[in-house]
Amino acid sequence: TSGIYTWLPLGLRVLEKIQKIVRIKSVRDEANSSVGKPFGPGISDAIDCYLNMAKDMGLRTFKDSEGVYGYAEIGPENGELIGVFGHLDVVPEGELDNWTEALPYSGDIVDNKIVSRGSLDDKGPMIINLMAVKYLIDSGVQFNKRIRLFVGGAEETTFECIYKYSENEEAPKYSYTPDSTFPVTYAEKGILVFDYEAG
């Protein structure tokens, strides 16, 4: 029972933070892009929201000058790097009439589930990983490795975020992607691209 009460405040904060970030419409919107916001204001706002949460928890944060990606990290600056790679952009919501339980950016809880774009792919899992780090901090863990939480802005479209990261940043020694139904799955699903001709 004591374990439940220890985790309860953290669990509520997880829900609040997921609800906060899924309420940001972070669909690619190049028509409204600007300097530092190449994918539009929504994606930039989502990255800023995540990094501000991390900064408030005591993590170091970085956003690249073009606004394509950001990351938060903790641990010794020269420590071996563990990467957690996720994204905060979402696919368009489609026809609103098809959203019968809740609106796509409401953050509403229906049947104990947050029904919103990004709750599983990939805002929710990235918040869970951030809050797991927060739990370690609050538990007094002394980090002897760096943990870096990467958040990209173009995973659903062109992957520019990870390409740019790979060009400019250090590759981690270990990494995983908390996408989809994390922690049941912990890596991006396979994608097959092919041409089919019939004649």
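In this predicted model, the largest nonpolar core brings together 39 residues, and those with the most contacts inside it are Ile21, Tyr50, Leu59, Leu130 and Leu149. Helix H2 gives the most, with 8 residues.

What does Ile21 touch once its neighbours within four places in sequence are left aside? Its contacts are Ala46, Cys49, Tyr50, Met53, Leu88, Lys123 and Ile127. Tyr50, one of those partners, is also listed with Ile21 among the residues with the most contacts inside the core.

Now for the charged side chains. Side chains of opposite charge can pair when their charged atoms come close. A search of the whole structure turns up 11 salt bridges, including these:

| Pair | N to O distance |
|---|---|
| Lys63 and Asp48 | 2.8 Å |
| Glu73 and Arg148 | 2.8 Å |
| Arg146 and Glu170 | 2.8 Å |

Take the Lys63 and Asp48 salt bridge to begin with. Lys63 sits in strand E1 (residues 60-63) and Asp48 in helix H2, so this pair ties together parts that are 15 residues apart in sequence.

Next up is the salt bridge between Glu73 and Arg148. This one links distant parts of the chain, with Glu73 in strand E2 and Arg148 in strand E6, 75 residues apart. Both Glu73 and Arg148 are buried.

Then there's Arg146, which forms a salt bridge with Glu170. Arg146 belongs to strand E6, while Glu170 is in the loop between H4 and strand E7 (174-176), so the pair ties together parts that are 24 residues apart in sequence. Arg146 has 4% relative accessibility and therefore counts as buried. Glu170, at 38% relative accessibility, counts as partly exposed.

Which residues are linked in a network of salt bridges? They are Arg60, Glu73, Arg146, Arg148 and Glu170.

Technical notes: Residues numbered from 1 in each chain as written. Predicted model: local features only at pLDDT ≥ 70, side-chain atom pairs only at ≥ 80, totals over all residues. Heavy atoms only, no water. Core = buried A, V, L, I, M, F, W, Y, C linked by side-chain atoms within 4.5 Å. Buried < 20%, exposed > 50% of the residue type's maximum accessible area, 1.4 Å probe, protein only. Helix = DSSP H or I, 4+ residues; strand = E, 2+ residues; numbered from the N terminus. Contact = heavy atoms within 4.5 Å. Salt bridge = Lys/Arg side-chain N within 4 Å of Asp/Glu carboxyl O.
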